[in-house]
Amino acid sequence: MKILPLQLKQYNHIVVLTGAGISVASGLPTYRGVGGLWTVGNTARVSDVEILKTDPRAAWEFFGSLRTNVALALPNAAHKALADCQKMLAPHQTLTLITQNIDGLHQRAGSKDVIELHGSVYMTKCSNIDCHLAPYADADPHLHSLPQCSMCQSLLRPDIVFFGEIIPAKADWLTKRALRECDLFLAVGTSGTVSPACDFVRSAKYAGARTILVNMEPSASSDDSFDQEILGPAEEILPVLLAGE
C-alpha cells in the first residue's frame with residue numbers, strides 16, 4: 001500500500017499516542033508479542049507495584065538495568081519525524097505527544113512538552129508518599145545497593161507507573177484536555193490493550209477527530225474506532241506520513 005503524506009495544514013490540534021513499537025528500531029523490545037519484555041523471566045512480577053514492598057531489590061535490578069540499556073539507545077527516524085513535525089506546524093496548530101514509553105527517546109529527538117503517561121526510567125523518587133523530596137533525574141542504575149531518601153531515609157524507587165498504580169494526575173488532565181480538542185489522532189506502535197490509553201481513540205473519535213493507527217499489527221479493538229490502519233514499521237511510515245504540509 002502506498003503511503004501518502006497527510007495534509008497537516010487541514011488540522012489544528014493533532015494528538016499522537018506512542019507505544020513501545022516506536023522504539024523497536026532503536027533496539028528496545030516491545031512489551032507483548034514474541035520476544036516482548038512480558039514474555040521473558042519474571043518481568044511481569046517486577047512491574048507490579050507490590051514488588052516495591054516485597055522485593056524492592058528485584059525492581060531496581062530490572063529497571064536499573066533497563067535504565068542502562070535505554071541510555072545506550074538512540075532516537076530513530078520515527079521519533080525524529082514527530083519532533084520535526086512539531087517544529088514545522090503553523091502558530092495556530094498544536095501537536096500533543098503522549099507516550100506510554102519510559103525511555104525518553106522523544107525528548108532526545110527534540111519533541112517538546114511530551115506527556116509521559118507511565119513516567120520516566122531516568123527519574124527517581126521517594127517511596128514515602130508523605131515525603132517532600134521532588135523526583136529527580138538519576139543516571140545511577142542502583143544495582144549494588146538499595147538507595148535511601150536523603151530527607152526521610154525511606155527507600156527510593158524508579159519514578160514510573162507500576163501495574164496497580166494510577167496515571168499521574170497532571171498527565172491525565174493534559175491528555176483529556178488534548179483529546180477533547182483534537183481533530184487528528186495518531187496511535188503509533190501500541191497494541192491498544194492497556195488502559196487508559198486503549199480508550200484514547202474512542203475519546204478522539206467522539207471529539208470528531210480523524211483517527212489513524214500506525215503499527216505492525218492491526219488494532220486489537222473490535223469497534224472500528226480507527227478510520228485508517230497503516231501496517232508496517234513506524235520508522236518507515238512516519239517520515240512519509242508526516243512530510244506533508
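## A facing pair in the sheet

Lys 125 stands opposite Arg 157, a residue of strand E6. The model that shows this pair is predicted. Strand E4 covers residues 119-126, and its pairing with E6 is antiparallel, with 4 bridges.

## The sheet around the pair

Strands E4 and E6 belong to an open sheet of 3 strands. The order across this sheet is E5-E4-E6, and the pairing is antiparallel. In general, strands of a sheet pair through backbone hydrogen bonds, in either a parallel or an antiparallel sense.

Which strands stand at the edges? They are E5 (136-137) and E6 (156-160). Each of them has a single partner strand, so one side of E5 and one side of E6 are left without a neighbour in the sheet.

## Overall form

The protein as a whole has 8 helices and 9 strands. Its C-alpha trace spans about 55 × 35 × 30 Å along the principal axes. For 245 residues, a compact globule would have a radius of gyration near 18 Å; the protein agrees with this because its own value is 18 Å.

Residues 24 or more positions apart account for 67% of the contacts with a separation of 6 or more.

## Burial, surface and charge

Of the 245 residues, 47% are buried. The protein exposes about 12,300 Å², and 55% of this area is supplied by carbon and sulfur atoms.

There are 20 positive and 25 negative side chains in the protein. The centres of these two sets lie 3 Å apart.

Methods
Residues are numbered from 1 along each chain as its sequence is written. This is a predicted model: local features need pLDDT of at least 70, side-chain atom pairs count only at pLDDT 80 or more; totals for chains, interfaces and linings use all residues. Side-chain values use heavy atoms; hydrogens and water are left out. Helices (H or I, at least four residues) and strands (E, at least two) are DSSP runs, numbered from the N terminus. The radius of gyration is taken over C-alpha atoms; the globule rule is 2.2 Å times the number of residues to the power 0.38. Buried means under 20% relative accessible area, exposed over 50%, partly exposed in between (1.4 Å probe, protein chains only). Contact means heavy atoms within 4.5 Å. Accessible areas come from the Shrake-Rupley method with a 1.4 Å probe; for residues, only the protein chains shown count as cover. Lys and Arg count as positive and Asp and Glu as negative; His and the chain ends are not counted. The place of a charge is taken as NZ of Lys, CZ of Arg, CG of Asp or CD of Glu. Two strands pair if DSSP finds at least two bridges between them.
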